[in-house]
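Subject: Structure handover and notes

Dear colleague,

I am passing the structure below to you, together with notes on what was found in it. Please read the notes with the coordinates open beside them.

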Amino acid sequence: MGSFLSKYKILPPLFGFISGILITEWIGNEWILIAFLSPIFATIYLIKPKFGILIFIPIGILFSTRPDLTENHILHFAEKEIDVEGVLFKSLENREKGSRLFIDAQSVFIEGKEIRTLGKVIITTRERIQRLAYGDRIRVLSIKLRPLKNFLNPGSFDVKRYYERQGIYATGFVPGEEWIISFGKDESSNFFIHSLDKMRLKFGNFVRKSSPFPEGEIINAITIGDQGGIPAELRNQFSKAGIAHLLSISGLHVGAVAIVFYVIIKWLIKRSEFMLLKFQVPRLTARLTIPPIFIYMILAGFATPVVRASIMAIVYLVSIVIGREENKLNTLAVSAFIILLWHPWALFELSFQLSFASVLGILLMHKFYPFKLDTISDKFFTSIKTTCAASFATLPFIINSFGVFPVVSVPANLIFVPLVEFLSVPLGLVSFLVFLISETIATPILYANVFLIKSLLWGTHRLLQIPFSSLTVPSLGALSWTLYGIALAVFLLKRAYPRLGIALPVLILGFLSTSAYSILIKPNKGFLEMNFLDAGNRNIIFVRLPREKNILLDGGFSYYDRGGFIERSVVIPFLLESGITKIDYLILTSLDKDHLKGIKEILGKFRVERLWTNGGKLDGGVWEIIKNKGISWKNILDEVEDFEIEGVRFEFLKPRGEFEIKDSSRPYPILGKLTFKEANFLFGEAIEEETVQNELIEIYRDRIKSSLLYVPRISGENTRGFISMVSPRVIVTNTAYSTFLISTDIKKSDSQTAVFQTDTRGTVTILTDGKMLRVKTYLDEKEEFLH
């Protein structure tokens with residue numbers, strides 16, 4: 001161990017620093033910890049210098065402390081209609097629909113009065129913004145900022161913490177450019193970077209105008225780092241193939257740029273006898289390769305993943321310059337240390353984890369199974385080794401982040417990485433440089449790149465048509481992670497210690513068994529489980545039936561789900577965290593455009609047996625998926641009344657009154673009722689409307705009596721009569737206002753009904769044996785028993 005630490009001296013301080021960051025994340029109270037730990041660790045170091053690693057723990061805590069919000073912080077102006085003025089601290093991000101502006105706020109205006117403020121915010125627009133660049137001073141008019149909020153469901157990404165680590169605490173929305181005033185470049189902004197960002201935007205618009213979709217968006221992503229316009233469906237396809245990293249500028253792209261420039265510069269130097277005699281060629285080449293990487297980093301808009309990848313590449317080149325490149329693990333550790341000093345919270349970001357895991361995997365593979373480059377055969381097998389090393393090192397991160405096991409990852413990377421990194425990326429850079437001189441000359445270069453991207457898309461589509469090319473898998477638990485890590489270590493060490501190979505099959509079997517446990521084992525067998533998810537203004541219910549089947553009810557109408565956003569952010573993470581890879585019944589009560597987009601997300605991710613919809617207005621893409629996957633489809637209005645499965649009866653209640661439809665895409669109201677022995681559950685989006693409630697009372701009378709009533713929102717102010725008629729023991733709702741109205745009515749009627757609110761307590765889970773109801777929420781695991 002002593003010889004190992006003396007060889008890799010940077011590792012102990014790095015581990016100490018990382019420990020400090022983790023302590024800050026998990027415990028908090030940073031300043032108290034620093035005051036308490038610093039003198040203790042300093043004393044230990046003075047007595048036992050070999051424990052110097054401990055000094056870096058409080059240093060890690062210090063660098064990762066969370067700032068206190070001052071009295072004039074922008075977050076204190078949330079929920080008020082204000083004008084916000086500040087400077088764009090990041091390049092404009094164009095998305096599939098609209099744009100995002102990253103503003104370092106400096107002033108707010110309330111009724112014409114200016115108040116100085118500070119803090120960063122994200123402003124989303126419905127229309128794409130064309131004319132703003134990094135460093136511009138702007139004012140956004142008549143905006144209501146909102147604090148960042150998470151969806152409180154199992155598996156949901158902690159978006160609030162993610163942005164708070166970057167100093168962003170609030171978001172807002174405006175329709176388009178009419179709400180934005182630009183004052184041009186702020187005097188504090190760097191002229192060179194601002195000018196280059198302007199050119200980035202012009203180039204991006206030129207590519208979009210001159211290229212077909214989505215090829216143009218991919219070219220922008222890999223050339224100037226503008227990846228917001230890539231459709232979610234395309235991202236999913238690349239994730240399934242294991243090549244999602246090709247769609248953004250990351251370590252792979254920066255490394256490819258470094259290699260291309262290194263080879264070209266080295267070739268040019270070798271053409272000069274004077275240079276060969278005067279300089280050490282590798283060191284001079286490495287020194288001259290650093291500026292192109294820095295320029296590429298600026299060209300990519302200083303995106304955080306690009307800066308991290310550039311730091312990694314530059315540190316390695318510096319190690320060549322100073323003659324220390326042979327110890328690559330130390331070089332990698334130095335890169336990590338520098339990145340974490342600059343941005344400690346990078347430790348929790350997927351791009352950081354993937355970059356360092358892949359490079360570490362390649363380095364360890366080379367150490368235990370040395371790469372050979374003597375013959376063409378050696379080079380071929382070395383490329384396979386490096387691809388396998390990177391793929392297996394990053395596999396657990398891919399599974400937990402995307403819920404997919406990309407079976408074709410290795411061949412896909414072997415084919416498409418050279419295509420993108422050594423042809424498409426250089427062509428993109430050349431087209432940008434030529435664009436600065438002439439659009440006309442740049443156009444044929446762009447067309448050549450479009451051809452390459454079309455080949456990439458065609459090849460990816462063909463690979464994914466192979467049966468079992470990718471598998472949807474649930475999230476890995478701690479035990480699975482541990483077994484996987486041990487298995488990789490045993491594989492690397494078995495060449496030096498052959499007897500270890502005996503344990504490898506056992507570890508692999510253990511990993512596969514623990515990974516499949518959540519799929520194979522059915523929890524709460526014999527019970528009916530209802531999960532009401534926190535999904536904003538959407539109504540999503542997931543039902544586990546008593547034996548093995550399940551039902552996903554994705555209801556509710558929304559204008560603002562942004563094309564499958566809720567499915568990606570709420571439904572899919574929840575299902576994967578719950579160990580679900582197959583949906584027996586997918587029942588949709590709304591078919592607006594957002595829901596159709598969401599259907600594609602779910603149908604593409606999971607094996608769906610039956611799809612039942614409220615109407616037959618499905619788009620061509622959905623019909624194609626239904627046909628290709630052999631999914632059974634029915635129109636609830638015409639073909640389904642009620643059914644029974646595993647002892648649970650499902651009824652569709654269809655009020656027949658005259659209803660005011662607020663939007664032509666809204667469906668006719670349909671409600672559902674589940675009955676399991678003596679327990680009943682009544683739910684549906686339209687149940688919030690008084691006209692629907694009155695219709696239900698008139699038509700169904702005592703049939704609407706239920707143990708549980710799910711009322712997403714209340715639009716009327718008097719629900720007492722309806723609640724009294726239903727007589728529920730439990731009411732679940734989505735909003736505080738609905739809770740207030742319901743609770744008021746309950747008090748007036750002296751009811752003992754319990755009310756649970758999803759947007760404050762998270763997913764509400766109801767478990768019943770047909771008599772007793774057991775209720776728990778995401779934020780409170782303690783169960784409540786209701787007889």
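A residue is called buried if its relative accessible area is under 20%, exposed if that area is over 50%, and partly exposed in between, with a 1.4 Å probe and protein chains only. By that definition Ile55 is partly exposed, because its relative accessible area is 26%.

Before the rest, a word on provenance: this is a predicted model, in which local features need pLDDT of at least 70 and side-chain atom pairs count only at pLDDT 80 or more, while totals for chains, interfaces and linings use all residues. Residues are numbered from 1 along each chain as its sequence is written, and side-chain values use heavy atoms, with hydrogens and water left out.

Helices (H or I, at least four residues) and strands (E, at least two) are DSSP runs, numbered from the N terminus. In those terms, Ile55 sits in the loop between helix 3 (30–47) and helix 4 (56–63). Its C-alpha atom is separated by 9.0 Å from that of Ile44, the two residues being 11 apart along the chain. Contact here means heavy atoms within 4.5 Å, and, with neighbours within four places in sequence left aside, Ile55 is in contact with Phe41, Ala42 and Tyr45.

Ser515 belongs to helix 19 (residues 503–520) and is buried, with a relative accessible area of 16%. A polar contact is a pair of N or O atoms within 3.5 Å, where within protein one atom must be able to donate a hydrogen and the other to accept it, and where residues adjacent in sequence count only if both atoms are side-chain atoms. The side chain of Ser515 reaches the backbone oxygen of Phe511 at 2.7 Å. Beyond its neighbours within four places in sequence, Ser515 is in contact with Pro474, Leu476 and Ser480.

Lys673, in strand 20 (residues 671–676), may deserve a careful look. A salt bridge is a side-chain nitrogen of Lys or Arg within 4 Å of a carboxyl oxygen of Asp or Glu; for charge, Lys and Arg count as positive and Asp and Glu as negative, whereas His and the chain ends are not counted. Lys673 is buried yet has no salt bridge, and Glu651, the nearest side chain of opposite charge, is 4.9 Å away. Which backbone oxygens does the side chain of Lys673 reach? One is that of Arg703, at 2.2 Å, and another is that of Lys705, at 3.3 Å. Not counting residues up to four places away in sequence, the residues that Lys673 touches include Phe650, Glu651, Phe683, Arg703 and Lys705.

Turning to the aromatic side chains, rings of Phe, Tyr and Trp (its six-membered ring) pair if their centres lie within 6.5 Å, and planes under 30 degrees apart count as stacked, over 60 as edge-to-face and the rest as tilted. A search of the whole structure finds 25 aromatic pairs. One of them joins Phe542 and Phe574 edge-to-face, at 5.9 Å centre to centre and with 75° between the planes. Phe542 lies in strand 13 (residues 539–544) and Phe574 in helix 20 (residues 565–577), so this pair ties together parts that are 32 residues apart in sequence. Phe542 is buried at a relative accessible area of 1%, and Phe574 is also buried, at 4%.

Phe650 and Phe683 form an edge-to-face pair as well, with 6.0 Å centre to centre and 75° between the planes. Because Phe650 lies in strand 19 (residues 648–653) and Phe683 in strand 21 (residues 679–683), the pair ties together parts that are 33 residues apart in sequence. Phe650 is buried, with a relative accessible area of 1%, and Phe683 counts as buried at 4%. Ring pairs link Phe650 and Phe683 into a cluster with Tyr585, Trp612, Phe643 and Phe652.

Finally, some backbone geometry. Most residues other than glycine have a negative phi, and most peptide bonds are trans. A cis peptide bond, with omega about 5°, joins Phe213 and Pro214, and Pro214 is placed in the loop between helix 6 (191–210) and helix 7 (215–224). Glu79, which is not a glycine, has a positive phi of about 70°, and Glu79 is partly exposed at a relative accessible area of 44%.
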